[in-house]
Amino acid sequence: MISKISNQAPMMQTTDFTKKSSGEVQQQFSGFLKDALNEVNNSQIASNEMTRKLVNNEGVELHDVLIAQQKASVSLQLTMEVRNKGIEAYQEIMRMQV
């Protein structure tokens with residue numbers, strides 16, 4: 001997920017959002033979020049599959065399983081922190097006086 005964010009950052013900086021309608025920007029952002037969440041989900045699924053293979057003695061090394069589990073865990077933690085920051089920002093905006 002981190003590599004996906006860093007790969008998207010230069011593109012987002014060079015994109016001129018003033019030339020796009022709000023609907024187009026919303027679709028682009030929505031697609032980015034869906035892709036990021038799918039990547040986190042896929043890492044969780046891969047970790048579970050590797051754990052299952054290790055338990056069933058299907059030729060998976062323990063260190064590979066532990067690495068996959070850590071990657072999935074870090075991805076999930078990052079996703080949760082981004083979500084929390086987004087919620088905090090939304091709440092802060094809602095508290096602003098107009």
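Colleague: Is glutamate 49 buried, partly exposed or exposed, and at what relative accessibility?

Modeller: This is a predicted model, where local features need pLDDT of at least 70, side-chain atom pairs count only at pLDDT 80 or more, and totals for chains, interfaces and linings use all residues. Residues are numbered from 1 along each chain as its sequence is written, and side-chain values use heavy atoms, with hydrogens and water left out. Buried means under 20% relative accessible area, exposed over 50%, and partly exposed in between (1.4 Å probe, protein chains only). On that scale glutamate 49 is partly exposed, at 33%.

Colleague: Which residue meets glutamate 49 in a salt bridge at 2.5 Å, N to O?

Modeller: A salt bridge here is a side-chain nitrogen of Lys or Arg within 4 Å of a carboxyl oxygen of Asp or Glu. Helices are DSSP runs (H or I, at least four residues), numbered from the N terminus. The partner, partly exposed at 35%, is arginine 52.

Colleague: And which residues do salt bridges with shared partners join into one network?

Modeller: In helix α3, arginine 95 and glutamate 92 are three residues apart, about one helical turn. The network built by shared partners joins Glu49, Arg52 and Glu58.

Colleague: How far apart are the closest N and O atoms of glutamate 88 and lysine 85?

Modeller: Both lie in helix α3 (residues 62-95), three residues apart. Glutamate 88 is partly exposed at 44%, while lysine 85 is exposed at 54%. Their salt bridge has its closest N and O atoms at 4.0 Å.

How values were computed. Helix = DSSP H or I, 4+ residues; strand = E, 2+ residues; numbered from the N terminus.
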